[in-house]
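User: Please take a close look at one helix pair in this model. I want the geometry and the residues that make the contact.

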Amino acid sequence: MTDRIVGLFLLAISIWYGVTAGDYEASFGDPLGPAAFPIMLSVPAAILSLTMIIRPDEEPAWVTGKPLLLQVAAVSLLLAYAGFLEVLGFPLATFIAVALLGRILRSSWPKSIISAAIMSAFLFLAFDKLLSLPLPLLPEFVS
């Protein structure tokens with residue numbers, strides 16, 4: 001029964017995400033429009049949630065203890081990342097999020113920091129320069 005409840009919850013979120021994405025407008029010229037990527041994400045999510053509703057696991061085993069805490073920490077980190085993205089600027093927010101996510105996934109501090117530096121620089125250049133999707137570079141308190 002819990003699979004069906006989670007499936008219904010995810011289906012509702014997928015539908016809401018896809019519908020609200022259709023209303024999004026951006027000032028830059030993307031040929032597909034800014035709603036294309038969110039809609040491409042909402043369709044598979046809705047299909048997967050329907051699978052959970054139609055064919056639930058008979059006896060799902062829910063995680064408990066430390067694995068549950070790590071999952072909650074990862075989801076909380078991603079929500080915080082979305083909230084602080086404009087405040088801290090893309091490179092700094094991404095650096096912090098990747099470094100902390102690396103630690104949540106039990107990587108060492110040096111590996112997490114190196115990965116975070118590479119990922120934040122690469123993603124900023126890829127999205128802002130190559131794909132011409134404007135991202136905030138500096139934190140709000142600097143500019």
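The protein has an average pLDDT (the predictor's confidence in each residue, from 0 to 100) of 88, and 90% of the residues score at least 70. This is a predicted model: local features need pLDDT of at least 70, side-chain atom pairs count only at pLDDT 80 or more, and totals for chains, interfaces and linings use all residues. Residues are numbered from 1 along each chain as its sequence is written, and side-chain values use heavy atoms, without hydrogens and water.

Confidence is highest in helix 4, at 96, and lowest in helix 2 (residues 36-54), at a mean of 89. Helices are DSSP runs (H or I, at least four residues), numbered from the N terminus.

Helix 4 spans residues 90-104 and helix 5 spans residues 109-130. They pack at an angle of about 145 degrees, with axes 8 Å apart. Axes are lines fitted to C-alpha atoms over the stretch in contact; angles run from 0 to 180 degrees between N-to-C directions.

Contact means heavy atoms within 4.5 Å. Helix 4 contributes Phe90, Pro91, Thr94, Phe95, Val98, Ala99, Leu100, Gly102 and Arg103. Helix 5 answers with Trp109, Ser112, Ile113, Ser115, Ala116, Ala117, Met119, Ser120, Leu123 and Phe124. The contact residues divide into 13 nonpolar, five polar and one charged. Ala, Val, Leu, Ile, Met, Phe, Trp, Tyr, Cys and Pro count as nonpolar, Asp, Glu, Lys and Arg as charged, and the others, Gly among them, as polar.

Terms used
Helices (H or I, at least four residues) and strands (E, at least two) are DSSP runs, numbered from the N terminus.
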